[in-house]
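Visitor: I am new to reading protein models, and I would like to take a close look at one single part of this one. Could you show it to me, and then walk me through it slowly?

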Amino acid sequence: MSKLVALNDGGVLAIGSSRTSRDAHDKFFERGLGKNDIYLTRFSKDGNILWSKKYGTEHDDIGIDAVEANNGTIVVVAKTSYNTNQNMLLMNINENGDKLWLKEYKSDMIVNPHRVICLRDGNFLLTLSQKSSMEKEQIRFIKFDLQQNIRQDKVIHTAYSTAINDIKEFKNGNFMAVGYVKDSYNTDALAMLFDSNLNLLRQEHFGGENYDTFNALTILYNSQVAVAGIHTDVNSQESNMWIVKLDANASIARK
């Protein structure tokens, strides 16, 4: 299990993967699952296991993230790998863990999904990274709905390898995203501000001449943003947790 997702009933959904030795004579594999599968467990607000289930294709699948929809169902994002391909999976399950649909989105390039959020209008926003023709990580956004329709698919081209680890929506429809930007010698923490159409309004780099990254954010009641990441000391090379408060324009308010 690699991530916990808060649910509206006070419980949580744990998401990750399960690896199994495949046996053609085992009825478990008649459902089309492979060697590595998406693995989900739902807990009540008291910590009791409500259900625990596997999902996926006949290939190697890994659960990445999930979010609860306005109708109580859950949208899950995963990735699937076979041969030299690595594609994205989207899945919708009901509150009992029954699969409603599972769809693979094939790509000519390797994509890595990072985060999915439910938007104020009920649609969903997925952040991914993919390699450019220059072998640099680039940001990709996909907006979609529960009917599997892609509303928007946009790549943000940057001069350096860039990826988003987390993103949240402000009340005015703008987005704050955090992650990292790196070249051959240095990795900096990154904060990016987008408008409601995912046009880049501002980006700021933070850190020293070592490894620094932002991993997660939450929007506070006053529209400031609390960010958690890792900062590496320039002298000792020691890495520590890094807590930063940003203003809504992506500038530092406190660290």
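Visitor: What percentage of the 255 residues of the protein chain count as buried, and with which residues is Arg115 in contact, leaving aside its neighbours within four places in sequence?

Guide: This is a predicted model, in which local features need pLDDT of at least 70 and side-chain atom pairs count only at pLDDT 80 or more, while totals for chains, interfaces and linings use all residues. Residues are numbered from 1 along each chain as its sequence is written, and side-chain values use heavy atoms, with hydrogens and water left out.

Of the 255 residues of the protein chain, 48% count as buried, where buried means under 20% relative accessible area, exposed means over 50%, and partly exposed lies in between, with a 1.4 Å probe and protein chains only. The protein chain has 0 helices and 20 strands, both being DSSP runs numbered from the N terminus, with at least four residues (H or I) for a helix and at least two (E) for a strand. The radius of gyration of the protein chain is 19 Å, close to the 18 Å that the globule rule gives for 255 residues, so the chain is as compact as a globular protein of that length; this radius is taken over C-alpha atoms, and the rule is 2.2 Å times the number of residues to the power 0.38.

Now to Arg115, whose place is in strand β9, made of residues 111-118. Arg115 counts as buried because its relative accessibility is 16%. Leaving aside neighbours within four places in sequence, Arg115 is in contact (heavy atoms within 4.5 Å) with Lys3, Asp65, Leu125, Leu126, Thr127, Asn165, Asp166, Ile167 and Lys168. With two of these, Arg115 also makes polar contacts through its side chain: one of 2.8 Å to the side chain of Asp65, and one of 2.7 Å to the side chain of Asp166. A polar contact is a pair of N or O atoms within 3.5 Å; within protein, one must be able to donate a hydrogen and the other to accept it, and residues adjacent in sequence count only if both atoms are side-chain atoms.

Strand β5 and strand β6 (residues 74-82) run antiparallel and are joined by 8 bridges; two strands pair if DSSP finds at least two bridges between them. An open sheet of 4 strands has the order β5-β6-β7-β8, with antiparallel pairing. Its edge strands are β5 (60-68) and β8 (99-105), each of which pairs on one side only. Neighbouring strands of this sheet are turned by 20 degrees against each other on average, direction ignored; the axes are lines fitted to C-alpha atoms, for helices over the stretch in contact, and angles run from 0 to 180 degrees between N-to-C directions.

Within it, strand β2 (residues 12-19) and strand β3 (residues 36-43) run antiparallel and are joined by 8 bridges, and Ser18 has Asp37 as its bridge partner in β3.
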